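Please look through the model shown below before reading on. The paragraphs that follow take its parts in turn.

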Amino acid sequence: MLQGALTLFNWTLRVDQRSRWPHLIRGGFALFMMFALATAWLDAFGTTRAGLRFFEAVCYLNIVLITVSGISYFVTALTEEKEAGTFALLQMAGMTPLAITLGKSTSRLVSSLLLLVTQLPFAFLAVTLGGLLWQQVIAAWLALAAWLILVANVALLCSARCVTSGRAMALAGLLAMMFFGLPVVIVRTLAALPTVIVVAPTFVDVLQGVVKVLTNISPFSRIDEILNNWQQTSWLGVQFWGSVIPGGLCFVLSTALLGRWSRLAENSGTEGYVRGRRWLAGRCGRLPVAWREFHFFTGGYSFLVVKLLGGGALFAGFPALVWTQTGRWDWKPEGDVALEVFFACLGWLTVETLLYASGTLFAEVRQGTQSSLAMLPISVTGLLLQKLLGCCLALIPAVIWTLVATVLGWETLRVRLDMDLLLAWGVMLLFSSQVAAVLSLYTRWAALPLTVLCSFVAFFCLVLPILMIPDVVTVVARSHQFRYTRAFAWCVTAFWIWLLVVLPLQLWIRRRWMEVTRV
Amino acid sequence: MAVITRDTVPAISVTNLSHAFRGHQALHQVTFCVMPQTLHGFVGPNGAGKTTTLKVICTLLRQNRGEVEVLGRNVRSDPEGVRRRIGYMPDHFSMYRQMTVFEYLDFFAAAYGLLAAERDRVIGDVLTLTDMAGRRDDLISGLSRGMQQRVGLARVLVHDPEILLLDEPASGLDPGARIELMEILRELRRIGKTIFISSHILSELAELCDSVTVIDRGQIRFSGPMDVLLESPDSAGVWNLKLSVVIAGVRERLQGCEGVVSVVDPEFATGRDFVLRLKDSISGNDFLRQLVNLDLPLVSFSQQRRHLNDAFMELTTRGVR
């Protein structure tokens with residue numbers, strides 16, 4: 001058993017070592033750290049605790065990256081074997097479930113931990129900028145490593161349970177959302193409940209216990225504790241053990257249930273699920289690629305309806321929360337609620353857009369269908385535009401609810417939201433989606449985390465022109481007595497950003513797609 | 001097979017085709033042509049350049065040098081026109097496994113601009129041809145490998161191309177599925193398609209193909225009719241004779257015939273099979289008349305030919321470059 005696991009472990013490490021991308025990603029992380037450090041050093045003039053501020057930003061970014069990359073990287077550990085039909089071959093080669101889970105996950109874990117190690121020397125440099133102790137750096141890195149172990153093993157469990165990578169990713173994503181969202185929902189619901197409904201104290205205690213446990217395990221709470229309350233905490237803390245032990249349990253569960261779940265997967269199939277969806281798909285229209293994309297990549301009408309209803313439930317949840325607090329039902333959210341509804345919808349739109357952008361071309365490469373598509377009498381640009389259309393149709397629910405949130409909360413948003421920042425968000429979303437599409441044609445599952453990293457760095461480069469161009473154009477337009485100066489300024493900004501940032505990326509996607517079709 | 005005259009435009013014409021990948025010369029001065037309505041085999045060892053040639057012909061890859069024409073259209077200057085007239089089936093299984101057979105074919109037919117009513121008719125026809133009509137509502141993921149290959153073949157037929165380019169269509173199929181696939185290819189040739197097939201399974205190609213091109217290390221070793229390839233200089237005047245029963249003294253009677261140089265037993269002698277070496281002066285027909293006069297229980301009398309395997313091994317170099 002041990003020999004099999006070691007062979008698999010060695011093999012995956014060698015693949016990682018020979019592949020160009022892991023080294024580039026590590027190099028990218030190191031560059032990012034240098035960039036962040038330089039920014040912090042420039043900001044440090046006239047301030048204190050610059051090192052602490054820099055380190056805090058790095059830690060929070062790492063949490064986001066670990067969560068995103070953990071979900072996208074580890075969920076495929078076992079599903080890629082199932083999808084390629086090689087899982088049975090591994091079992092026939094005498095590999096036990098333990099050997100398979102060890103061999104497939106340990107190398108990825110080591111590879112991911114190496115990313116953290118790469119950043120450590122730069123993290124120590126933050127100490128020299130002030131406001132930070134080297135002990136805090138070590139403790140924070142241990143907390144991040146523990147979080148990585150938890151995410152990796154939960155994703156491994158999803159990978160063992162699900163038949164396809166897509167489903168495993170959806171399950172892991174749902175669990176992550178619940179992990180971060182549940183405490184907020186429970187706390188706000190409990191705070192609102194006593195005024196209208198009486199709830200059993202035991203039930204409240206259980207809910208509060210859940211919140212306490214999730215908060216204790218949360219890496220955000222732990223980093224906050226380490227950086228702001230170091231005297232009251234220890235090197236490891238509850239978060240470390242609260243992540244490593246459940247992570248270990250998930251690993252044990254994955255190993256114990258892998259055989260059973262893979263047998264179930266072989267016997268069940270997906271026929272019922274697809275048949276249920278098929279009657280909604282209808283016949284192929286004038287834009288076949290868009291039709292295929294919408295119905296067979298994004299989930300089609302059934303998913304569209306689910307998302308519309310889900311968005312409605314999300315939207316209705318906020319007025320319901322207000323109703324429980326004030327006894328007044330008002331569909332027009334105001335104040336903080338309006339902002340929360342708007343940002344929730346915007347977040348949903350962002351995540352869905354990035355998921356489609358990183359998956360639409362990659363799915364073709366994974367299925368090996370790119371050369372069949374290339375042979376169709378449809379130009380490459382036409383094909384990519386049809387794919388875009390199919391994905392845009394699937395984004396309709398998110399767009400509708402974002403618009404509803406904007407219209408109904410307009411009174412608040414108009415006053416409290418900087419429209420230039422909203423424009424910046426739009427540009428960043430456009431940029432990130434193009435980057436995700438490009439990266440998905442180079443890497444297997446690292447497109448999304450890399451997109452987050454690239455977008456973080458690019459934000460600092462793009463935000464200045466995004467905010468400056470409208471101001472400059474407004475001044476010039478006013479001097480020429482234009483009537484709609486602000487709208488004109490945004491149009492000019494959008495044009496320049498498209499020409500200088502988005503268009504090169506789109507041409508890159510086109511070129512790379514053509515290369516990929518030749519393989 | 002169609003009647004080919006001097007003026008017939010080749011279905012595929014490749015002239016001095018060369019292509020290199022990062023300094024590695026994949027194809028060097030490749031020249032051959034495929035005549036219309038023929039079944040042309042394209043054989044060579046792994047890494048010989050078969051798939052690269054196919055990709056250039058089907059416009060997926062732009063060649064470094066040389067001219068490639070498909071039905072008189074240049075692949076470089078008119079790729080769209082070429083694509084509409086060919087159907088390419090790659091060597092790997094590339095399918096949307098979550099679709100049904102009908103949805104999959106409907107998608108490709110729609111992409112070629114066929115209207116819904118026309119698509120129904122065409123899909124029905126190609127499913128009948130590939131013997132998959134009973135499986136039109138099955139999920140592709142639930143089909144066996146052989147059936148998926150048939151769906152792949154049906155896919156390349158939906159726009160009624162004149163030429164089919166098939167890259168290793170029989171790879172990974174069991175013998176039964178391979179035989180069925182070859183039957184379908186024969187039927188396609190009968191209805192007038194030109195088929196250019198790259199394959200490793202030489203025994204089936206020898207029976208199936210009208211002509212063949214052998215490629216090795218990026219260079220053409222042979223291109224021409226299959227009969228010419230299988231004729232061997234060593235086997236000129238050598239004939240195989242098979243009788244239905246063992247007859248005593250038959251060897252002596254055969255040796256007594258005019259023009260016989262020698263009568264030997266084949267490698268696995270049964271007493272009913274003989275290998276005859278005849279003088280150059282006597283033709284097969286003349287000798288057959290003598291055999292009929294001998295009143296022997298004949299099963300077959302045929303000129304000895306090389307196996308395609310032997311020809312292949314002689315023309316190609318062992319080992320991977």
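The centres of domain 1 and domain 2 of chain B, taken over C-alpha atoms, are separated by 42 Å. Domain 1 of chain B covers residues 12–225 and domain 2 covers 233–303, the bounds coming from an automatic or database domain assignment. The model is a predicted one, in which local features need pLDDT of at least 70 and side-chain atom pairs count only at pLDDT 80 or more, while totals for chains, interfaces and linings use all residues. Residues are numbered from 1 along each chain as its sequence is written, and chains are lettered from A and ligands numbered from 1 in the order in which they are written.

Strand S3 (residues 39–43) of chain B runs parallel to S9(B) and is joined to it by four bridges, with B:His40 standing opposite B:Ser211. Pairing here requires that DSSP find at least two bridges between two strands. S9(B) also pairs with strand S10 (residues 219–225) of chain B, in the antiparallel sense and over six bridges, and B:Ser211 stands opposite B:Pro225 in S10(B). S9(B) and S10(B) form a hairpin with two residues between them, and B:Arg217 in the turn has a positive phi of about 50°.

Another part of chain B holds an open sheet of four strands in the order S12-S13-S11-S14, with antiparallel pairing. Its edge strands, each pairing on one side only, are S12 (260–264) and S14 (298–303) of chain B. Neighbouring strands of this sheet are turned by 20° against each other on average, direction ignored; axes are lines fitted to C-alpha atoms, for helices over the stretch in contact, and angles run from 0 to 180 degrees between N-to-C directions. S12(B) and strand S13 (residues 273–278) of chain B pair in the antiparallel sense over four bridges, and B:Ser262 has B:Arg277 in S13(B) as its bridge partner. Helix H10 (residues 284–294) of chain B packs on the sheet, touching strand S11 (238–243), S13 and S14 of chain B, and its direction makes about 160° with that of S14(B).

Chain A, by contrast, has 22 helices and zero strands, and 36% of its 519 residues count as buried. In helix H10 (residues 219–228) of chain A, the residues A:Pro219, A:Arg222, A:Ile223 and A:Ile226 are buried. They cover an arc of only 95° around the axis, which puts them on the same side of H10(A), the arc being that of the directions from the helix axis to the C-beta atoms.

Where the chains meet, 21 residues of chain A are in contact with 25 residues of chain B, contact meaning that the C-beta atoms of two residues, placed from the backbone, lie within 7 Å. Helix H12 (271–281), helix H13 (288–297) and helix H16 (370–374) of chain A each supply at least two residues of the side of chain A that touches chain B.

Conventions
Buried ≥ 20, exposed ≤ 12 C-beta atoms within 10 Å, placed from the backbone.
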